[in-house]
Structure formats: structure tokens, C-alpha cells
Amino acid sequence: MVQSFDQELEERLIRYAAIDSQSDDRSASSPSSETQLDILRLLEVELTEIGAEDVHLADYGVVLATIPGTADGPTIGFLAHVDTAPQFNATGVKPRVIHGYNGGDITFPDAPGLVLSPEEYPYLAEKVGQDIVTASGTTLLGADDKAGISIIMTAARYLLAHKEILHGPIRIAFTPDEEIGRGVTAPLARDFAADFAYTFDGAAVGEIEYESFSADAAEINITGISIHPGLAKGKMVNAIHLASKIIATLPQATMTPEVTDKREGFIHATEMYGDAAAITIKLILRDFERDALTAKGELLQQVCSAVQASEPRAKITCGIHPQYRNMRYWLELDMKPVDLACRATRMLGLEPVSVPIRGGTDGSILTEMGTPTPNIFTGMQNIHGPLEWISVQDMAKATQLFLTLAELSTKQPE
Ligand SMILES: [Zn+2]
């Protein structure tokens, strides 16, 4: 395939990235932010315009569509998420393109002093001569995951315009609220009706990922005894002191995100709010193995019990809720979707790389719900911050991979 998709990918990414679609984990509504509907509705229109079938914005906030098959083969799903991360400013994104990157430091028009340097980020040094997209310095870019959307839209447009290309039926889903772990729900798993699927939500070219964290969320509630401090002797129980004890007792030096990597899990305190009378602490627990994740939950509960025992007049509760599980548990039972992606990657002259994702994707939950869904690279780098960037040519490789995969799936394995 010699088709160049660079121009279309660049145009789509810039257009989609400029639309504010940040998710909001404090909102209970679905989608969590009204703004996500702007891009969801736009994609619904654009899918219809390029000739996709069954185009539909479902009441659970997902845009679904079909590219009818031109040959026999399994139904393959492709997903990307429309929301951007709540962790950094995502309002007023001003994407810009550096055509023919010269290999030097990249500076930002709206943030003097901010530098994206190839010394610090060696992957950038590999992109000399390519077209680099960044934001303007005060926001994230949102290539996570508008790169995935641009790749899927570009490949879909191409397939629908070239019915001579043989491929099986393809399902497309654009999800909201992936960044807050609410992108995939049971109705989507049912309506998607794919034999297997792929998220375009990975990073460096060649990455084909089939391992994610297993994840639980925890909430600790501490109720002390409130009384006027002038009359407090022997009576007050200060929830702030008890919260501090819990945090100080947890293994900060060995089991937090800032001191772990590769296959190590962690306990991460994400939020704490309240006052002397009552405090809530929110935490996330992560590990690649179920047993080790359970052990982290038990450790947290032991620490809470010990602090509770030290002050029986307080009330301390610790609730743990499952979020998602390592997709490997299901994928290793049938590696066909992973193997297919790896074969397609090699056909493009690239070497597939599988590293465990220190996080989750929509595919983690979808896999658990019965649709095996590994994750494929897009090229996105330094996500969730002002130094986020992506190479247009990396996105083009991912687009070629989509098309190669679709064609390959109609053929018998070698
Ligand atoms: Zn993402």
C-alpha cells in the first residue's frame, strides 16, 4: 500500500484536538461532561458522510458504526476514546504542526521556558524530517486519544471509498469517559457485536499490547469527634491526625507510583478532603497479578484497622471496589487477535513490541466482558501534559496497520 494518509491525518487531528472534550470524574452523568457530546455528534455526522452504515449515537454516549464486509471473515472492532484527561488543562487547545522537524529543541508559543527536547525524550530524536504536532504550551494536546480517532476515521474513509479491498465486517466505536474508567459498559459490549477488537490508544510505533494493570479503587472514611477546641481536652478526636497516621503508615518508599515501574504495582493516594471532624481519602490500587492486587487491598485494610484500634472513639471504614482486570487473563486463552496484529505489523516492516500497560484501556473492560481487545500504537507521547506530541508519520503507520489487519483477517493463518 503506497497511499499517503499524512495530510488527512494531520487535518483530522488538528480539528478534533481543538474541540474541548475533557472528562470529569466528579460528575455522575454519562457522558461525564456535556462537551464530549460536541465531538460525538460531529463524528456521527462524519461517519455518515463517508458512507458508514448503522451510524448511531447510543444513549450511553458511544458512537457506533459499521463498515460492511466485502469478503468473509470475522467481525473486527476498532475503538478510540473521545475524552481527554482530567489531570491537566484541556480547554482552548491550540494544536500546531512543525513540518519537517529539524531535530532541535521544540519551544511553545504560549509558554516561554517550556522546552520539548530530544535529549530528554529520545523517541523525538528518531523523528527528524517528520511532521510533529503539539499544543501551544498551556494545555495538553489530546492526541490521547484523538490520534486514535483520526486513524480510525481515515482508515474507514479509505475502505468505504475502495470497495475493491477485501475485508470482513468492521465495527467502529468512539467512547466517552475512558480516562475516568467509564468508557465501556455492558450495553456497549452487547451492541458492539465484534468477534474481537482493537483500541488505537497506544504509544510508540510497533507497540501491540495485551497486558494491562488489574485495578481497584479504595475509599477510606474517617469520622472523628468534633467539639470546641477550648473544651476539647479528653473529648476531641481529630480526623486529620488519624488520616495522617494512615498515610504515614502506608509503604510510601516502596509502593507508590513515583517509586515503582515495569511490573511493580502500587497504592496511590489520589485525593483527600475534609476537616477535623471527618475526612475522606481516595486511593487507587494497581498490580499486574490478581493475588498481588488483593494483597494490596488487605494491607490497606490492616493499616486502617490498626489506626482504628489506636482510637476506638473514631469510626474508620475502608471500602474497596474493583475497576478492571489485566486483559492478559483472557487473551492468553486465545492469542489469535494479538497474533494477527503482530503479523500485520511485521508485514509493514515493523517489529511488534508488547510491553505491559501501566494503566488500563477500554479494552481491559471490554476483554473482561467477552470481546478480546488488545491495544495498538498511535504514536502519542508525553500524554496528559503540556509536552504531549505526536508524529503524523507514526499515525500514518497505525492507519496502514488498520488496513493491513482488515485485509489479513479474511485470509487463513499461515
Ligand atoms: Zn487514552
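**View 1. Lining of the largest pocket.** In this predicted model, 50 residues line the largest pocket, and Gln87, Glu179, Ile284, Arg286 and His384 are those that lie nearest its centre. The volume of this pocket is about 1,900 Å³, and its lining is made up of 19 nonpolar, 15 polar and 16 charged residues. At least two lining residues come from each of the strands β9 (196–202), β11 (214–223), β12 (266–274), β13 (278–287) and β14 (315–324), and likewise from the helix α10 (362–368).

**View 2. Aromatic pairs of phenylalanine 213.** Phenylalanine 213 is buried at 1% relative accessibility, and phenylalanine 266 is buried with a relative accessible area of 9%. Phenylalanine 213 also forms a tilted pair with phenylalanine 288, with ring centres 4.6 Å apart and planes at 35°. Phenylalanine 288 lies in the loop between β13 and α7 (290–310), so that this pair links parts of the chain 75 residues apart; phenylalanine 288 is buried, at 1% relative accessibility.

**View 3. A cluster of rings.** Phe78, Phe196, Tyr198, Phe200 and Phe402 are linked into a cluster by ring pairs.

**View 4. Arginines over aromatic rings.** Arginine 96 lies over the face of phenylalanine 108, 5.2 Å from the ring centre, whereas arginine 290 places its charged end over the ring of tyrosine 329, at 3.7 Å from the centre of that ring.

Notes:
Residues numbered from 1 in each chain as written. Predicted model: local features only at pLDDT ≥ 70, side-chain atom pairs only at ≥ 80, totals over all residues. Heavy atoms only, no water. 1 Å grid on protein atoms, 1.4 Å probe; cavity = no way out; pocket = protein on both sides within 12 Å on 5 of 7 lines; lining within 4 Å. Points joined across faces, edges and corners; volume = space filled by probe spheres on them. Helix = DSSP H or I, 4+ residues; strand = E, 2+ residues; numbered from the N terminus. Nonpolar A, V, L, I, M, F, W, Y, C, P; charged D, E, K, R; others polar. Buried < 20%, exposed > 50% of the residue type's maximum accessible area, 1.4 Å probe, protein only. Phe/Tyr/Trp six-rings, centres within 6.5 Å; stacked < 30°, edge-to-face > 60°. Lys NZ or Arg CZ within 6 Å of the ring centre and 35° of its normal.
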